[in-house]
Amino acid sequence: MVWSCPEFQRRNIIPAFESLEACVFLPTGALINHLGESVRSEQLLLTGGQWGCLRVWHPTTGRCLLEVKGPLDRAPVTADGTVLTSKDRESIDYGLHSIVDLQLAHVFPTPDSSTSSESPTDLLPKLILVRQSNHVEFYDPMRAKLTAEFLGDIGQVDQLCIVGKSHNRLLLADASPHLKLFVNPCGLSACSKEMDEGGKGSWSCHLVPGGHEDVITDLTVSTCGQWIVSGSKDQSLCLWQVVDRDLTLSGKGPLAKVILVKRLLNAHSAHISAVCFNKSTNLLISSADDNVLKAWTVNFNKPDVQNNANLHSVELAEWSVVHNAHQACVNAIDVSVNDQLVATASRDKTVKIWTVTKTGLDCLGVLQGHRRGVWSVCFSAREKVVLTASGDGDVRLWNLKDFSCIRTFEGHEQPVYKAVFLSNDRQILSCDQKGLVRLWNVSKPGMTETSDSSTGCKVFEAHEGRIWSIAVCPDESGFYTGGEDETLCYFKDVTQQIVEERSKKQEEFIQTRQILDNLIQQKQFAEALRLSVKLDQPKRTLDLLQDLLLMDEDMSQKANDKMKSVRYSGHVAKLETALNGLLRPTASSKTFHEDNYTSSEHLVQRLLTYAVNWNTRVRTSVIAQAVLNWIVTTWTPEQLLRWPGIARTVESLLPYTVRHYQRVSRLEEQLAILDYLCDVADEHQVGDIVESSDPAQTPDVVDLNLIHRISRKTFASPAELEVVLLS
């Protein structure tokens with residue numbers, strides 16, 4: 001309805017014959033290039049709704065003056081210019097391409113804007129269209145020309161494949177009648193000559209409309225990457241060609257286009273379930289829900305140089321038909337490297353191997369063993385084996401000589417929908433219903449650093465829900481996954497980077513270890529201790545502190561008096577001297593890989609974490625107590641309370657410290673008993689020994705005098721008693 005604003009009166013009723021969602025008035029003088037000078041002074045009305053197309057109306061007469069077609073109205077055109085039929089508008093309901101919003105905005109002109117303006121600061125009108133699929137289109141309202149478009153949400157990703165002459169484009173089918181093309185995706189941009197700045201690629205996506213009228217169920221790509229065949233629920237097969245833009249020519253446009261070359265209507269009498277090219281791209285295998293398997297010959301004619309040098313004319317002819325190929329629908333098809341064998345995986349829990357003869361396809365054998373339907377099948381490129389994935393959660397390898405199962409990979413808890421070979425068939429990638437991707441090692445099965453403890457394979461969390469497809473990069477530098485959560489994931493292989501980092505760390509470790517050994521040899525214990533803590537080597541730090549604790553104060557003193565008892569206070573002083581080296585950076589430590597200087601307090605906090613572990617064992621509790629005593633006497637309680645995790649550290653130290661003191665108390669009680677026994681037996685036993693003149697007849701007895709002296713000694717701490725007893 002058209003209303004008059006001043007009077008609020010209805011001026012006109014325009015029957016649109018569709019459910020409208022948005023309307024907007026175009027600027028005065030718009031669409032002169034289409035409608036002529038008669039509309040220069042008119043303000044036309046633009047509407048959009050259920051059909052997904054824009055229609056221009058005269059508000060006074062109610063006539064439709066112009067119609068801008070939407071994606072559903074863009075009927076596919078073949079290479080020879082034949083326009084194929086599209087859907088009947090009366091059968092169109094609200095779908096992904098219905099228009100939900102129209103807005104007229106004014107923006108600053110861009111440098112490449114073709115619209116002239118008197119000043120570079122003049123605002124230009126822009127028509128913004130939003131579709132149900134969140135697809136955004138930008139039009140020049142003065143000429144009704146599409147200037148830019150942003151592809152919105154992708155649906156459930158059913159199929160992924162890498163296409164293009166350089167194998168640098170990513171094509172997907174997302175439970176819709178249309179394909180979507182990523183012309184320079186991340187991960188494949190390294191193979192592309194038109195890399196963006198930085199070489200990281202982009203996720204810019206282009207819609208490929210037309211071709212099918214129902215959901216696309218499967219895709220197959222030729223070995224060269226330029227030819228694609230899609231099968232759909234509309235029972236048709238479409239042959240597409242990927243054409244790259246010639247970068248040597250001037251002009252702008254998409255880097256690549258997917259052009260419809262051939263369409264076979266009613267190729268099957270039921271929904272097409274799987275399609276596959278052979279490696280020579282002269283034979284196409286397809287199957288449908290009616291259990292019919294068909295083989296098609298593919299003949300490529302030379303391109304027409306006069307019309308288009310890039311486009312070929314292709315002939316698809318039915319060559320062989322196999323009825324009742326399986327007892328249920330075929331889920332996947334694959335062809336061997338030599339084009340002699342065809343494998344079909346079915347929901348009847350079997351995989352059939354067919355041989356390609358001069359007359360058609362003959363069944364060579366059946367692979368039986370899966371407990372549920374088989375979703376994926378893949379020939380090995382180097383061995384006579386076949387890889388299958390099933391709804392029972394198993395991935396299996398089969399021998400083509402006797403059709404026996406030679407190995408089963410168990411670990412998936414949900415149905416497995418795809419499995420492919422990697423690394424010259426030494427590894428396997430598989431994906432399941434839970435959204436997990438697993439990497440199996442075929443040549444050397446077993447545990448790895450990032451392996452699942454129960455299965456021995458690497459596990460990657462990719463999606464929330466089923467993963468339907470996996471596409472591996474040509475150089476195996478990564479792979480893509482797509483699933484029912486409407487997302488696309490890219491995984492990059494960082495194995496080489498990890499190996500290089502480990503090698504670099506190993507070299508640094510050897511070098512710093514040599515430096516550490518030199519410092520210890522030179523008796524620069526403070527610098528050695530600081531370096532060992534900085535390198536985060538608890539074992540080396542413990543060995544160094546134990547050596548300091550048990551080392552004699554003066555080597556010449558030991559030579560003069562070997563029987564002299566070791567004084568604990570001297571060892572503690574030497575130990576504290578080394579520990580004090582953590583508080584100040586020494587001249588040597590600044591050269592030991594200290595690009596980012598580590599604070600002294602941080603090193604002491606790290607040493608305290610070592611002491612917590614040392615305190616749990618009797619043999620190392622002396623060192624732990626010495627370190628703890630040094631820390632609590634060097635820092636004030638206020639400073640210690642600011643350390644991260646100090647409360648938890650104290651809670652970990654208290655129980656074992658109490659246990660150590662209790663053990664020392666029991667030892668003191670036992671020594672007191674020994675002291676009493678010595679006092680009682682000292683006179684008699686020692687006297688008898690003195691009276692004996694023959695040294696050979698002297699019995700082997702305990703030196704009770706030494707025990708007596710030890711028992712009467714006063715110790716400053718339990719740790720000091722431990723050291724004296726050890727000495």
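Which residues have the most contacts inside the largest nonpolar core? I noted first that this is a predicted model, in which local features need pLDDT of at least 70 and side-chain atom pairs count only at pLDDT 80 or more, while totals for chains, interfaces and linings use all residues. Residues are numbered from 1 along each chain as its sequence is written, and side-chain values use heavy atoms, with hydrogens and water left out.

**Entry 1, the cores.** A nonpolar core is a set of buried Ala, Val, Leu, Ile, Met, Phe, Trp, Tyr and Cys residues joined through side-chain atoms within 4.5 Å, where buried means under 20% relative accessible area (1.4 Å probe, protein chains only). I found 37 residues in the largest one, and those with the most contacts inside it are L529, L545, L607, W614, V627, I631 and W643. Another core, of 18 residues, lies apart from it and includes W240 and L255.

**Entry 2, the sheet.** I then looked up an open sheet of 4 strands, in the order β31-β32-β33-β34 with antiparallel pairing; strands are DSSP runs of E, at least two residues, and two of them pair if DSSP finds at least two bridges between them. Because β31 (416–422) and β34 (458–461) stand at the edges with a single partner strand each, one side of each is left without a neighbour in the sheet. Strand β33 (residues 436–441) pairs with β34 over 4 bridges, in the antiparallel sense, and L436 stands opposite E461 in β34.

Key
Buried < 20%, exposed > 50% of the residue type's maximum accessible area, 1.4 Å probe, protein only.
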